[in-house]
Amino acid sequence: MGPAASLFSCSETSRPEVMKRIDPHLRRILRDFSRGYLQKRENALAGLDFERLRTELSEVKEEALSRCDELVALFEAKASQKGARVYRAADSAEANRRIYEILKSNRARFLVKGKSMVSEETGLNAFLEKRGIKVRETDLGEWIVQLAGDQPTHMVMPAIHLTRRDVARVFSRHLERDVPEEIPALVRLAREELRREIFQAGAGLIGANALVAENGSVLLVTNEGNGRMVSTLPPLLIVLTSIEKILPSTRDALLLLRVLPANATGQNITSYVSFIAPSPEKNLHIILLDNHRSEILKEPVFREILRCIKCSACLNVCPVYQTIGGKRYAHIYMGGIGTLFTAWIHGRAASRDLADYCLSCHRCEAVCAAKIRVPDLVIALRERLNRETGKRLWKRLAFDGVIGHPGVTRALFSSARSAGPLLAGKGEYARRLPPLLRKYDRFRALPRLARQSLLAQAGQKVTQKGDRKGPPRVVLFAGCLVEHFYPRIGLDALRVLERLGYKVALSDSACCGFPAANAGFREAAAKSFRRLAAGLENAEVVLTLCPTCTTMLAQLGPEILGTGPDRHLARRVVPFSRFLFEREWLRLEGLLSSRPPGQPVTYHDSCHHKYVLQASGASRDLLELALGGKLREMESPDSCCGFGGSFSISHPEVSASLIDAKLESIRRSGARVVAMDCPGCVMQIRGGSARRGEKLEVRHTAEILAACLDVKR
Amino acid sequence: MVTAHLEREFIAAARAAGAEVERFAGITPALDFGRSILRDLDVRDVTVSPDLSFPAARLKGWPILKPGPKKDYLKAGAGLVRADYGISKTGTLVHLDRSDEEKMVWTLPPVCLCLLEAGRIVPDLDVLADVLSRHLDLTDQESPQVSLVTGPSRTADIECELSLGVHGPGRLVVLLFGDEPS
């Protein structure tokens, strides 16, 4: 039986055009799903120490990976001894061929399947169908997608993009009769139809959530019960799985069970969990697929991706996935983690475009059940891709040609300043881009360069302040955006610090190197960071106004230089708001106590500020102190604004969708002022609201503090 | 002996997962209640798990179906099974399967009636790790498997709306029996 003609997927010719568009229906569904998921996950994890559990699980997985050969051999021996036939498959072709041979020798012409990502990886369905084997998915979502000739949009919820009406159309076409557009009726129909097929099938195929080495059993976690039927009713059972699913013991599998359902679907446990052990009476065949996993195991940086338990929590919190879904943000495996698997399993070329999608927001890292550092690994993959398959031209020009050379950067900014009147638009914004480039500023007004940089405005003043004899007590590192576009943020930070009695020196705000590092331009990033770090060597405390620069200075930079996390520098680099919260709370309380509450202010959590630096709480407390009242929280305050540095240039349509959603949340909060700690978010949100003609005040925390302290400008 | 706390926790968790739980002092009233459900639903065929060890006389009056080929299981309107353990934290029923027949009784009928002795409720799965491991190492059984069943079969694959009974039973009734807990 050939694959069904598509009802919902794009035809080959229209695909590239459609891919550029954001489907508002899909976006709404995925965002609603994410909100519900987060609430359920929180409930499922209530009373559990998630951090401890995932640390334990990642250690168990790491240990299992380090003994992978030995444990897989033990599993093989145990399962074989009990009556299973176990086969190793080096690649997809071998796995598919082996399954076909097993079916043929058992005279099975009809295969029913439980959900199996590995079978999608190997392209099993198409392979078997070409050879005359009928293949039927039995997971409801997978079945719908199969009948529709479509692709899954989500790992756990494959048909999440389809409505009940769509499903009814699919079923009607399949059954050649009218089907009601009601979910209970559709589910009943699926039950009847799939039961009939499962009973007819000559073989069943399932995946595995884990393989238990000590007793040769297979762990299967489902909600529907189809896996249970597929593994019980047909006379022949095939398990297709990959080697990294190996765990030493039943106890380790129980640990996995404590984390997997909570993280995957927000359940304490799924409806059905089965440990299937082989027996001489069961016609059981187990295929253990390698498909480049042994190569990944030898990669010191990337091997941790094999700890993945495929819970898809990372997808459920990914802003890019929530905007474009899993048909676009996938080869077979979805999202950031899918990009990494793709690079090895389906080749670097298949991962190249996907690697550009990661915003490096670090949300996925916060929920990952196995503590996989997906954003950092995607950066490492970009480096690898640059090295192996060449760099994109515009990035080469930007990072190798400009950002890595402070002289060139200065000259460019200086020329742009001279051409200021030509580039200036209304108020603080630049002139609209020419029509060909309009997609980059259609959704947000770009800022114009400040007439004078922060250093030019404040440098003189700062060096004249305080005691010139002693070293400055704090150094302020403002970052490129504050330096060249928003010097007022820097000036306000300086004034707040001076009001509190600090002697402040302003660092030379050359680029910290993050944009280059993030794009995988390691050398350019190292050059920028090395220069900057040398300049900060003697500073006691380095205060930052941009969480992304902080991440670079304290974490990523030292790693790139190969010195490992520089604990010394990490201790000295502190976000401006955290520094005030930790060191100046009492004095600020005194200075601000008589202030009456002002107009409502809401707070936007910038990605790196919240997920890397964990500094959002300090900023909120500080702002509430300064404002004399509670912030007016918006819905999903930590949803990404879509800036992401060069991301908003690579993927303007996604960036536009994210800023739309962010502005909608702010609007709904009723606040007319929104505070944040990242100048990149200031650029995106201020520009976004200006482009829509909204009267929204977008402020960095430093600006609000300065205003509340009545610091004169 | 099971503590009142464990039992309360089990009942609450099982109900939260969509199961119905009824408490009885002994197995006889538990089975009487089961039979009343069958009467209410007008169930004419019940399959019984082969591992139920009590005398057949106890099921007098039950419309028992003795299936032959696997397809016969599809005729049953309900299945009567027993669980080996209950997990209080999650409301899970633990069954140490020995044959495919047992699994079919648990899975195929639209209603699953499950007997659970209150004294066999344990706090969590970790307590049973060794028991499960030993069972999975058995070599003298047709199909040694460990099944953890929590609530009815469920899906949210269409518009994220929860539907019960997509493949397995849409109704799971736990007949909890035994001495009142301390």
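Which helix of chain A does Ser58(A) lie in? I found Ser58(A) in helix α3, residues 50–66. Helices here are DSSP runs of H or I with at least four residues, strands are E runs of at least two, and both are numbered from the N terminus.

**Ground rules.** I am working on a predicted model, where local features need pLDDT of at least 70, side-chain atom pairs count only at pLDDT 80 or more, and totals for chains, interfaces and linings use all residues. Residues are numbered from 1 along each chain as its sequence is written, chains are lettered from A and ligands numbered from 1 in the order in which they are written, and side-chain values use heavy atoms, with hydrogens and water left out.

**Ser58(A).** I looked up its burial. Ser58(A) is buried at a relative accessible area of 8%. Buried means under 20% relative accessible area, exposed over 50%, partly exposed in between (1.4 Å probe, protein chains only). Contact means heavy atoms within 4.5 Å. Not counting residues up to four places away in sequence, Ser58(A) touches Arg307(A), Ala370(A) and Lys371(A).

**Met634(A).** I then moved to a loop. Met634(A) lies between α33 (616–627) and α34 (647–650) of chain A. Met634(A) is buried, with a relative accessible area of 4%. I checked Thr602(A), 32 residues apart from Met634(A) along the chain: their C-alpha atoms are separated by 6.4 Å. With residues up to four places away in sequence set aside, Met634(A) touches Thr602(A), Tyr603(A) and His604(A), and also Lys662(A), Ser665(A), Ile666(A), Ser669(A) and Val674(A).

**Cores.** A nonpolar core is a set of buried Ala, Val, Leu, Ile, Met, Phe, Trp, Tyr and Cys residues joined through side-chain atoms within 4.5 Å. The largest one has 172 residues, and Leu103(A), Leu128(A) and Ile286(A) touch the most other members. Helix α12 (residues 250–265) of chain A gives this core its largest share, nine residues. Another core, of 60 residues, lies apart from it; Val674(A) and Phe443(A) are among its members.

**Whole chain.** I counted 37 helices and 17 strands in chain A. Its radius of gyration is 28 Å, close to the 27 Å that the globule rule gives for 713 residues, so chain A is as compact as a globular protein of that length. That radius is taken over C-alpha atoms, and the rule is 2.2 Å times the number of residues to the power 0.38. The C-alpha trace spans about 90 × 55 × 50 Å along its principal axes. I noted that 62% of the 713 residues count as buried. Among contacts with a separation of 6 or more, 78% come from residues 24 or more positions apart.
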